[in-house]
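I am opening my notebook on a structure that is new to me. Come along while I look things up one by one.

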Amino acid sequence: NSDLEAVQSSELPALEQLSIWLGGTSHCTLDDVYAPDEIDDWDEYEANDSPLRYPERYNSSALDEMSVYSASGEVSVDALTEFCRATWPASLTRLGIQSALWTDAALTTVLSSPLIERLTHLDLSGGSIGNKQVGVITRHAKQLAHLERLDLRRNNLGTKQVGEIVKALPN
C-alpha cells in the first residue's frame, strides 16, 4: 500500500483537518546558512565544531535562508483520484496537499473532485504550481468559490498570475 492508500483507508470518524506532504525532499540545515566565501578551510570546517558551523546566534537574514520549499516527485493522477474518491468523514473541512510537483492533470483531479465541495480550506502550498497552472485554477473558480481559504503560498506564481487567480475567485 502507498502512503496515500494508508491514510485514506484509516478510520478517522472525527477528522476535521488533513495535511499530506507529497514529493518534497528539500531540506535546509544550519550549515546552509553561511555562504561558501565565508569558509576559508573546508577540511577544518567539516572536521570541527567550528563557530561558523554552529554559532550561538543567527541574524534575521540567516534565519530567512533556512526556509527551503520545493517538490521533486510528480504526483500520481491515479493515486490522487483514489484519494479524492475515498470515503472521508463528514467532519473533514480542511485539506492540505503540500509540497507537490503538480501537473495540470493532477491539479485538475483535485480541483474537480467532489471532495472540494465540502471543504472550507484548501492548502496547496509549497509546491510547483506555476504560471502554467493558473488556467487550471481559474477554470475551477466556480468549484473553489465557496472556500474560505485557498493557500497557494510558496509556489512558483508571479505577481501577475496571483492577480489573475484573485480576480477569478470571489473570496
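**Entry 1: helix 5 and its cover**

I began with helix 5, whose buried residues are Ala106, Leu107, Thr109, Val110 and Leu111. Buried here means under 20% relative accessible area, exposed means over 50%, and partly exposed lies in between (1.4 Å probe, protein chains only). Helices are DSSP runs of H or I with at least four residues, strands are runs of E with at least two, and both are numbered from the N terminus.

A note on the source: this is a predicted model, in which local features need pLDDT of at least 70 and side-chain atom pairs count only at pLDDT 80 or more, while totals for chains, interfaces and linings use all residues. Residues are numbered from 1 along each chain as its sequence is written, and side-chain values use heavy atoms, with hydrogens and water left out.

Next I looked up what covers those buried residues of helix 5. The cover includes helix 4, strand 2, helix 6 (114-117), strand 3, helix 7 and helix 8 (141-144).

**Entry 2: helix 4 against helix 5**

How do the axes of helix 4 and helix 5 cross? I found that the axes of helix 4 (residues 77-85) and helix 5 (residues 104-111) come within 9 Å and cross at roughly 5°. Axes are lines fitted to C-alpha atoms, for helices over the stretch in contact, and angles run from 0 to 180 degrees between N-to-C directions. The two helices are therefore roughly parallel to each other, a label for angles under 35 degrees.

From helix 4, Val77, Leu80, Thr81 and Cys84 make the contact, and from helix 5 Ala105, Ala106, Thr109 and Val110 do. Contact means heavy atoms within 4.5 Å. I sorted these contact residues into 6 nonpolar, 2 polar and no charged. Nonpolar covers Ala, Val, Leu, Ile, Met, Phe, Trp, Tyr, Cys and Pro, charged covers Asp, Glu, Lys and Arg, and the others, Gly among them, are polar.

I then turned to the open sheet, which has 4 strands in the order 1-2-3-4 with parallel pairing. Strand 1 (17-21) and strand 4 (149-151) are at the edges with a single partner strand each, so one side of each has no neighbour in the sheet. Two strands pair if DSSP finds at least two bridges between them.

Strand 1 and strand 2 (residues 94-98) run parallel and are joined by 5 bridges. I noted that Ile20 has Ile97 as its bridge partner in strand 2, and that Gln17 stands opposite Arg94.

**Entry 3: two loop residues**

I looked up Ser128 in the loop between strand 3 (121-123) and helix 7 (134-139). Ser128 has a relative accessible area of 15% and is buried. Beyond its neighbours within four places in sequence, Ser128 touches Ala100, Leu101, Trp102, Gln133, Asn155 and Asn156.

Arg154 sits in the loop between strand 4 and helix 9 (159-168). Its phi is positive, about 55°, although Arg154 is not a glycine. With 33% relative accessibility, Arg154 counts as partly exposed.

**Entry 4: the chain as a whole**

Last, I stepped back to the chain, which has 9 helices and 4 strands. Buried residues make up 38% of its 171 residues.

Notes
Parallel < 35°, antiparallel > 145°, perpendicular 65-115°, else oblique.
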